[in-house]
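This report walks through one protein chain, from single residues to the overall fold. Please keep the sequence and the model side by side while reading.

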Amino acid sequence: MKIYQVRKFYEGKANTACPITERLVQSGFQQKSGGYISYAKSLGLEVDYSKAMPTQWWHLIKSYCDRSDPQKNFTKQVQCGELLLWMAEAAQCVDPVELDRLVDEIIEHNIERKYANRLIRDVCFDRIVAKVESSCPY
């Protein structure tokens, strides 16, 4: 899956309701510094974890896609769990019950972020790829 395919698929999903992702982020599971958070701050954007700001749409489209080569592959090296969860929820490629259970497990067991990111990636990534590539084959 190429970055231009990701952009094409998600660009119009800025206002897609993703309550499961919001619940995870509002529980405190969000990158605290570096990456897209530092980039948002450098632009003077609001960073408010209780409001899930910046949004995961902004994270994907403005921070990642806008600053990446569109021909580059979107790979499993993308490690941000909240981003991958949002992508799966917005794409409706993972059953919401399964996503809810995953978020419940992460929150209730206070799973360490690095491990939780891998859990989310393992559940969501390949399904995201399948959905995006089938919707945007070229």
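Which residues does serine 63 touch, not counting residues up to four places away in sequence? They are Tyr36, Tyr39 and Trp58. Touching, or contact, means heavy atoms within 4.5 Å.

## Basis of the model

This is a predicted model: local features need pLDDT of at least 70, side-chain atom pairs count only at pLDDT 80 or more, and totals for chains, interfaces and linings use all residues. Numbering starts from 1 along each chain as its sequence is written, and side-chain values use heavy atoms, with hydrogens and water left out.

## Overall fold

The protein has 7 helices and 0 strands. Read from the N terminus, the order of elements is α-α-α-α-α-α-α. Helices (H or I, at least four residues) and strands (E, at least two) are DSSP runs, numbered from the N terminus.

The C-alpha trace spans about 40 × 35 × 25 Å along its principal axes. A compact globule of 138 residues would have a radius of gyration near 14 Å, and the protein agrees, with 14 Å. That radius is taken over C-alpha atoms, and the globule rule is 2.2 Å times the number of residues to the power 0.38.

Of the 138 residues, 45% count as buried. Buried means under 20% relative accessible area, exposed over 50%, and partly exposed in between (1.4 Å probe, protein chains only). The protein exposes about 7,300 Å², and carbon and sulfur atoms supply 48% of that area. Areas come from the Shrake-Rupley method with a 1.4 Å probe; for residues, only the protein chains shown count as cover. Among contacts with a separation of 6 or more, 74% join residues 24 or more positions apart.

## Helix H4

Serine 63 lies in helix H4. It counts as buried because its relative accessibility is 5%.

Histidine 59 is also in H4, which covers residues 56-64. Its relative accessible area is 8%, so histidine 59 is buried. Leaving aside neighbours within four places in sequence, histidine 59 is in contact with Tyr36, Tyr64, Cys80 and Leu83.

## Helix H7

H7 runs over residues 113-135. At 1.5 Å a residue, its 23 residues should span 33 Å; the end C-alpha atoms are 31 Å apart, which agrees. The expected span is 1.5 Å times one less than the number of residues. H7 bends by about 40° at cysteine 124. The bend is the angle between axes fitted to the seven residues ending there and the seven starting there.

Glutamate 112 caps the N-terminal end of H7. A side-chain oxygen of glutamate 112 lies 3.1 Å from the backbone nitrogen of lysine 114.

The buried residues of H7 include Ala116, Leu119, Ile120, Cys124 and Val132. Their cover includes helix H1 (3-10), helix H2 (19-26), helix H5 (81-91) and helix H6 (96-108).

## Leucine 24 in the interior

Is leucine 24 buried or exposed? It is buried, because its relative accessible area is 0%. Leucine 24 sits in helix H2. Beyond four places in sequence, leucine 24 touches Phe29, Leu85, Val103, Ile106, Ile107 and Ile120. Ile120 is itself one of the buried residues of H7. Leucine 24 and aspartate 100 are 76 residues apart in sequence, yet 9.4 Å apart in space, C-alpha to C-alpha.

## Loop residues

Lysine 13 is in the loop between H1 and H2. Apart from neighbours within four places in sequence, its contacts are Trp57, Trp86 and Ala90.

Lysine 51 is found in the loop between helix H3 (35-42) and H4. Its relative accessibility is 51%, so lysine 51 counts as exposed. Lysine 51 is in contact with Gln26 and Glu46, neighbours within four places in sequence aside. Glutamine 26 is 25 residues away in sequence and 7.1 Å away in space, C-alpha to C-alpha.

## Positive phi

Glutamine 92 has a positive phi of about 55° although it is not a glycine. This residue lies in the loop between H5 and H6. At 68% relative accessibility, glutamine 92 is exposed.

Asparagine 110, in the loop between H6 and H7, has a phi near 45°, again positive in a residue other than glycine. Asparagine 110 is exposed, at 67% relative accessibility.

Terms used. A polar contact is a pair of N or O atoms within 3.5 Å; within protein, one must be able to donate a hydrogen and the other to accept it, and residues adjacent in sequence count only if both atoms are side-chain atoms.
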